[in-house]
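Subject: Handover of a structure and the findings on it

Dear colleague,

Please find below the structure that I am handing over to you.

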Amino acid sequence: MDLASIAEMLAQGLPQAIVSGLVYGSIYALVAQGYYVTFSTTDTLNFAQGDFLMIAAMLSFTVLGGLALSGVSLWLALLAAIAVVVVVLALMGIAVERIAIRPLRGIFSFGWILSTVGVAVILRQMAEIIWGREHMRVPSVFGDVPIRLNLGTVQIGILPQEVFILAASLGAMIAVLFFLKKSRLGKAMAAVAFNAPAAALMGINVRHIVVLSYALSSVLAGLAGVLVAPVLFAHAHMGTLPGLKAFAVGIIGGLGNPVGILVVGLALGIVEFVVAIFNASLRDAVTFLILIAILAWRPMGLFDKSGREKV
Amino acid sequence: MSAVDEYPTGKVPLLSVRNLVVEYGYVRALHGLSIDVHQGEVVCLIGSNGAGKSTTLRAISGMIPSAAGSVTFNGDDITGVPGHDIVKMGLAHVPEGRQVFGDQSVHDNLILGGITLSRDEGRARAEHELDRFPILRQRQHQRAGTLSGGEQQMLAISRGLMIRPRLLLLDEPSMGLAPRLVHQVGEIIIQLQKQGMTILLVEQMATLALAVSDRAYVIQNGEVRLSGRSEEIENNPEVVSAYLGGSSTSDTVQQHQKPAQSGKELQ
């Protein structure tokens, strides 16, 4: 492969890679915002986050599929699926904090890493038992006809559901950031993150804030699951790689830096699809190679200022 | 036990700490400490580093658990009540080292101080606090972490006042401040008392503490060593030599140490 043909492939494929990369990158960022929310308040995170995404996708298959078959409009079915996912995932978040995090959160304990990875494995097997091993198709409210754009010699295709993914995940992230910065509850969460004993002296129930952060984190993963189910097929192992990639996004963007997470999430998506122009089956390998290289170069992530006082 | 403090009029004290024991692991920090604070008083705890002054405040406000003894506040037994619930009963604790939320604005720090109030009440009182401390109004949109030490101390006190507490616990407000600012902290305490605030003050700087307080307890090795009116304590030879720049260290007092629960010889 000579340089000219590489340039040619890039020119042909780059616009599509950027569009697709933004779509899937926004999902990584959305899941990683969940890591940010719990890590800032508790210095822990849920390694089953990707499998929470999977459970949400499965639930949306059951609810959306079931309701759609019984003749309910797809929009109504989607709203029902979102409602079910929000409630179930919030409860799952509360449960994982109670069972897998809180008992193991000693000062020097890394037990919570093992316990949340354990939760991930349990969820995967449970999903196989409940929903089987098949890849299940979840209908999209927007249909399956791609939107095609002709830019001279280059063509871009995007599914309406993918436009929805990008818009909804960006919207959800903006809403969460706005909530964290502007609402009193968000300020209380930030206070707990900064200095939990002092926050308690203000009358803030630190434990409630921790539980809330786990519920919020899980709902974000759940939302990601509902969004991607129609384009990825729902199956028991669909959450593993997105969960891992979102973790990488959190590490490189900074687990305390929501904007960094957003930027790195979108960038990771684009990198993946650019790699896929040349070799789709090496996509994940090359992506992780790049992540390792970045970590070797900047072990604390790209935007670490090391200036944050932690008391 | 006999340590019920008869000062000043035999009325029920606002805060009554009885035989408080606090342990950090195997180390016992408080050995049955008893103090009283009456409505409208400024009471100070003085003593050397590690005597248990801050530990006493932390145990009162529920930051740390106590192993034995009781804390009664405003008629309620608050021993073992979680700290975040004690705040709602009208007890504010301004902790050692100020502990402002450095990554949030001055105004947001005040709002957090009043987070147990309704939203409107919180906003209104934040305005009131910004009137009380004009320098904080100038800085209200700045991140609290960018304030000077003295300004942070004002913010910490102001944040504690947001709930209009019945009792204000102040832990080492002069710590790390320049002399001019130490004087200012003293002025603030005097002003607050004039407005009717009841204050329990912990201070390393004994001269300041005795100058602004009505009564004092000298704490040593987790026990009340001496107690009495501040001007009496100020003139007590043992205290003068140990804490007010007399001959030297707290060893002087230690030589005369008596069994626990003493500390009444000045009354």
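Predicted model: local features only at pLDDT ≥ 70, side-chain atom pairs only at ≥ 80, totals over all residues.

Residues are numbered from 1 along each chain as its sequence is written, chains are lettered from A and ligands numbered from 1 in the order in which they are written, and side-chain values use heavy atoms, with hydrogens and water left out.

Chain B as a whole

Chain B contains 11 helices and 10 strands; helices (H or I, at least four residues) and strands (E, at least two) are DSSP runs, numbered from the N terminus. Of the 267 residues in chain B, 55% are buried, where buried means under 20% relative accessible area, exposed over 50%, and partly exposed in between (1.4 Å probe, protein chains only). Chain B exposes about 11100 Å², and carbon and sulfur atoms supply 51% of this area (Shrake-Rupley method with a 1.4 Å probe). Among the contacts in chain B with a separation of 6 or more, 67% are between residues 24 or more positions apart; contact means heavy atoms within 4.5 Å.

The open sheet of chain B

Six strands form an open sheet in the order β6-β7-β8-β3-β9-β10 (chain B), and their pairing is mixed. Two strands pair if DSSP finds at least two bridges between them. At the edges stand β6 (91–94) and β10 (223–229) of chain B, each with a single partner strand, so one side of each has no neighbour in the sheet. Neighbouring strands of this sheet are turned by 15° against each other on average, direction ignored; axes are lines fitted to C-alpha atoms, for helices over the stretch in contact, and angles run from 0 to 180 degrees between N-to-C directions.

Strands β7 (residues 167–171) and β8 (residues 198–202) of chain B run parallel and are joined by 5 bridges. Within this pair, L167(B) stands opposite T198(B), and L168(B) has I199(B) as its bridge partner. Helix α6 (residues 149–161) of chain B packs on the sheet, where it touches β6 and β7 of chain B, and its direction makes about 170° with that of β6(B). Helix α7 (residues 179–194) of chain B also packs on the sheet, touching β3 (42–46), β7 and β8 of chain B, with its direction at about 155° to that of β8(B).

Strand β8(B) pairs with β3(B) too, in the parallel sense over 4 bridges, and V43(B) has L200(B) as its partner there. In a regular strand the side chains alternate between the two faces of the sheet. Both faces of β8(B) are covered: T198(B), L200(B) and V202(B) are buried on one side, and I199(B) and L201(B) on the other.

In strand β1 (residues 15–24) of chain B, 7 of the 10 residues are buried, so the strand is largely enclosed by the rest of the structure. β1(B) pairs with strand β2 (residues 27–37) of chain B in the antiparallel sense over 8 bridges, one of which places V21(B) with H31(B). The hairpin of β1(B) and β2(B) has 2 residues between the strands, and G25(B) takes a positive phi near 60° in it. β1(B) also runs antiparallel to strand β4 (residues 68–73) of chain B, with 5 bridges between them; here L15(B) stands opposite F73(B).

The nonpolar cores

The largest nonpolar core has 87 residues, of which I27(A), F52(A), M58(A), I204(A) and F101(B) touch the most other members. Such a core is a set of buried Ala, Val, Leu, Ile, Met, Phe, Trp, Tyr and Cys residues joined through side-chain atoms within 4.5 Å. Another core, of 47 residues, lies apart from it and includes L130(B), L161(B), V182(B) and A216(B). Leaving aside neighbours within four places in sequence, the contacts of F101(B) include F194(A), M202(A), L112(B) and R159(B).

In helix α2 (residues 49–69) of chain A, 15 of the 21 residues are buried, so the helix is largely enclosed by the rest of the structure. G71(A), which follows α2(A), has a positive phi near 95°.

E97(A) lies in helix α3 (residues 74–101) of chain A. At 2% relative accessibility, E97(A) counts as buried. Leaving aside neighbours within four places in sequence, E97(A) is in contact with R102(A), P103(A), V210(A), V211(A) and Y214(A).

With kind regards
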